[in-house]
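Open your viewer and get ready to select residues by number. We will go from stop to stop.

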Amino acid sequence: MANLYLMRSRSDELNTIISTNLLKNYSKIYKNIAIYCPVIYIHRVPVLQGWLEEFNINQTVKSAYGFTFREAMEEFSKDPHNFFNVILEEYEELKRKYDFVLVNSFCEFGILDGFDLSIKLAKNLNTPIAAIINDEDKLIAQKYFDHALDGRNYVLINENFNFEEVQKLKEYDFITPHRFKYELIKQSVKNKKTVVLPESNDERILKAAEILLKSKVVDLILLGDEEKIKQDATRLSLDLSAMQIMNPLNSEYNQEFTSILYEARKSKGMSLEEARKLVQDKTYFGTLLIHTGKADAMVSGASTTTAETIRPALQLIKTKEGISSVSGIFFMGLEDQVLAFADCAVNPSPSAEQLATSAYVSAMTAKSFGLEPRIALLSYSSGDSGKGESVDLVKEALKIAKEKYPELNIDGPMQFDCAYDPKTAAKKMPNSKIAGHANVYIFPDLNAANICYKAVQRTANALAIGPILQGLKKPVNDLSRGCLVDDIVDTVILSAIQAQ
């Protein structure tokens, strides 16, 4: 273990004694230790400075905390994602430089005193918790931790704490939405790609473009009239000066693209004149940029239909070898885990073969984004408990998947509760290694998948990232017409990673 999240008690004196003792013990074990307070009350900064001096910690006082309490309140209310992202970046930088990081919470123990936020911070940082508590708080603390940490290790301590017990704590492995997005951004920056945005007429696209350009995670090509785009950017107070703009109506590539599209579609009856007109369509032009290697990915759909986004990709880019159909996947960010739902976007009534293919490509997508796939084929019954056409379809899909893709960790049919909850799984499918532990969920049809992802997103306040289209040789992704600016940003970053 190379970190610890220390949750403070109501007593400043007790907190200081225990923090000092922990620093003494850890400084004997690790040569380079660091302190980090995600949020700090301003009156405690001198105490922090004192620890740095006492233990000869080679660290500036500013690098030892993220936000003052007032700054934290302002940033958290304005942009919760940025609040957590700043803390994650600063903490991970300390982890790279030092052997051990002691994270010191800003709040005193108490359910109504920032306790929830401290739990969330520890989960995002994956730092095991040692909480300083008084005897009267012990019972409620145990109940709260057992529930909030899902059985992960923690320790409750007082001034007579056993350091060996604290040492036994292991890092958590939570995948929070903020941690997931942080890792995505790191992955995207590592190998920067160029993404095409055809819908310059949509203000949400322009606002997302500015965020992406400022973060420097991708290069962007915006399609449309340059003068109009600049006027819109000025009106919206956006800085798009680093943006590459192309106009499909008069691009230098139009002749080349016309020839390529005509050759690809003439056997289907397309004339040269039809190809010339289609090349001026933003979606076709964007797809041709990817097809010819002038860009790496495209994100569209904010103001166009899914069919309009996918059709040119199927005609030009086509599906990967051995993949007969395209499907869509959402990453659903719950409080401390990320699940993958498929197919929520494309196939209304998939065949058993299509379900098996969806399971395979979903597993590959999940793996490329850092999840080790455990796949559940969902139904209205679990195991052999139910009968019916839909259940038979899922059973056939499982058989095909196991034959064609023997490396997959997959099982079914199973109900959602059986796939998700270990206790339910132990009753319904006790011999399954997937039941109760699934993180990739393959729904039997678009109706069930789309309803479920929207229900989870709205009722559980879950982060829904996607849909990501799977199966194409190069990434083309479709936005919901009701998408938010953040949804566009997330989908562009995911598309850039797919292109790697």
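Predicted model: local features only at pLDDT ≥ 70, side-chain atom pairs only at ≥ 80, totals over all residues.

Select phenylalanine 145 and tyrosine 154. Their rings form a stacked pair, with 4.8 Å from centre to centre and 25 degrees between the planes. Are phenylalanine 145 and tyrosine 154 buried or exposed? Both are buried.

Next, select Phe341, Phe416, Tyr420, Tyr441 and Phe443. Together they make up one aromatic cluster.

## Charges over rings

Now select lysine 62 and tyrosine 65. The charged end of lysine 62 sits over the ring of tyrosine 65, 4.4 Å from the ring's centre. Then move to lysine 294 and tyrosine 253. Here lysine 294 lies over the face of tyrosine 253, at 4.9 Å from the ring centre.

## Salt bridges

Side chains of opposite charge can pair when their charged atoms come close. How many salt bridges does the count come to? The count is 24 salt bridges. Let us visit some.

Select lysine 266 and glutamate 263. Their side chains meet in a salt bridge, 3.1 Å from N to O. Lysine 266 has 41% relative accessibility, so it counts as partly exposed. Glutamate 263, at 46%, is also partly exposed.

Go to helix H12, residues 272-279. Pick out arginine 276 and glutamate 273, which lie 3 residues apart in this helix, about one turn. They form a salt bridge, and their closest N and O atoms are 2.9 Å apart. Arginine 276 is partly exposed at 40% relative accessibility. Glutamate 273 is partly exposed too, at 42%.

Now select aspartate 384 and lysine 395. This salt bridge has its closest N and O atoms 3.6 Å apart. The pair links distant parts of the chain, 11 residues apart: aspartate 384 is in the loop between strand S13 (375-378) and helix H16 (389-404), while lysine 395 is in helix H16. Aspartate 384 counts as exposed because its relative accessibility is 69%, over the 50% cut-off. Lysine 395, at 30%, counts as partly exposed.

One more selection: Glu92, Arg179, Glu183 and Lys186. Salt bridges with shared partners join these residues into one network.

## Last stop: confidence

Colour the chain by pLDDT. The average is 90, and 98% of the residues score at least 70. Which element has the lowest mean pLDDT, and which the highest? Strand S4 (residues 100-108) has the lowest, at 82, and strand S15 (residues 440-442) the highest, at 97.

Key
Residues numbered from 1 in each chain as written. Heavy atoms only, no water. Salt bridge = Lys/Arg side-chain N within 4 Å of Asp/Glu carboxyl O. Buried < 20%, exposed > 50% of the residue type's maximum accessible area, 1.4 Å probe, protein only. Helix = DSSP H or I, 4+ residues; strand = E, 2+ residues; numbered from the N terminus. pLDDT = per-residue confidence, 0-100. Phe/Tyr/Trp six-rings, centres within 6.5 Å; stacked < 30°, edge-to-face > 60°. Lys NZ or Arg CZ within 6 Å of the ring centre and 35° of its normal.
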